[in-house]
Each structure stands twice: as structure tokens, then as C-alpha cells.
Amino acid sequence: MGGGPSAPWPMRSVPELAVAPRWYPASSMTAEASDAALLERIAAGGAGRREAEVLLCRRYAPRIRLYGLRHLRDEDRARDLVQTVLLAVLEAAREGRVRAPEELVRFVLGTCRNAALRFREADRRAEPAADEIVVVAAGAESPRDPVNAALLLRCLGSLGDRARRVLELSFHEELGGDEVAARLEITGGNVRVIRHRALAALRACLDAPAGRDA
């Protein structure tokens, strides 16, 4: 799943569910099987559970992804949302906590909403700390310790081109995240991830023993 900040809880995969491999054996349940029939088969367990789970995930994965794109505005985050919600749906269906189609729809929507809120909160926590912003923007001093300007330039030079450009647009030109994303033709989520990682690498370079002696 995406290259963004780590999800706020351990992520597992949904193997071969959202998109089952072409070699998957012919199903005894058709793709037109009702949600109620699929939920019943999943709760019952046995040999028919897996194919019912495949069909249910195939049916709901596109809807969850669209919700993620609409509310998170990032493809990687939308894929994370699909994985998270489908895992929750399957666990609830296996335990018999979701039995009726209307319950399933409410469960999917509620889980999408809650998971999206947690993803947005995780992204907000990934924003750079104030002292790190000062180091890049001022290029002179951090509230924690003095920064040699030559060392700062050398550390900036160790970053990749795109990372340096994100920092330059963010702190030198003082553009907002959406403006940086538009300028570089990437998503806002990617801007946050690149900026967060670039600042972490910059801090590590500045704090390195060799750097402190420079």
C-alpha cells in the first residue's frame, strides 16, 4: 500500500480478495449473488467462505476506493482505506456481526468514515515540527542548538532533487501544500510525505557527530 506515513495501526493485507487472481477456481456462487447470500456463506464458514469473501470484496472495493479518493484525495491513501475497511468487513461478517445488506452498507460507510479520519490525523502528525521549519526557513539557528550555515547547505545538498525542491517551495517561497503539489504535479499527500522525510533526513544530517564537528 502507499508510500505515505505509516498507518496509525498495524496494516495487514487482504490476499487475493479485492482482486482475485485469474486462476482462482470457478465459483459455485455467481457474481450476482446477493449481499445477504454472501454474508450468510461467510458466517457459515467451511469451503464456501473464501469464494464468498472474494465476491464481497470485489463488489465493495471500488466503492471504498472512490470514498477514499473523494475524502483523502490521494491514491495511496485510498488503497490503504480499501485494505483497512475490507479487513474490518470480513472480520465482522465471519463473526456474524453483520448479517443483513442494510447493516453491511452502514458498516462499510461508518468504517470508511472512521478510518479516513484516522488517516487524516496521521497525516497531520506527519507535518514537520516547528523547530525543523525554522532550521530550513532561516538557515541559521534551531531552538535546540546552533546550525552552521555551510553545514546546512551541505546537508541540503545530500537530499534528492525533488526533496530539495519541496523544501524550497515550502519554506523559501512559502507555498502551501496544495500549491507545492500543483507546481510539482504531484498529490498533496506526496508533498507531505516528501517534506516529512526530507526534514527527518536533514535533522539526522545536522545531528550527526561529523556534522556537529564541522
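## A polar contact at Asp 35

In this predicted model, the side chains of Asp 35 and Arg 59 are joined by a polar contact of 2.6 Å. A polar contact is a pair of N or O atoms within 3.5 Å; within protein, one must be able to donate a hydrogen and the other to accept it, and residues adjacent in sequence count only if both atoms are side-chain atoms.

Asp 35 belongs to helix α1, which covers residues 35-44. Helices are DSSP runs of H or I with at least four residues, numbered from the N terminus. Asp 35 has a relative accessible area of 12%, so it is buried (under 20% relative accessible area; exposed is over 50%, partly exposed in between, with a 1.4 Å probe and protein chains only). Neighbours within four places in sequence aside, Asp 35 is in contact with Leu 56, Arg 59, Tyr 60, Pro 101 and Leu 104, where contact means heavy atoms within 4.5 Å.

## Two residues with positive phi

Most residues other than glycine have a negative phi. Arg 73 is not a glycine, yet its phi is positive, at about 55°. Arg 73 sits in the loop between α2 (49-72) and α3 (75-94), and it counts as exposed because its relative accessibility is 67%.

Glu 185, also not a glycine, has a positive phi of about 60°. The loop between α8 (177-184) and α9 (188-207) holds Glu 185. With 74% relative accessibility, Glu 185 counts as exposed.

## Basis of the values

Residues are numbered from 1 along each chain as its sequence is written, and side-chain values use heavy atoms, leaving out hydrogens and water. Local features need pLDDT of at least 70 and side-chain atom pairs count only at pLDDT 80 or more, while totals for chains, interfaces and linings use all residues.
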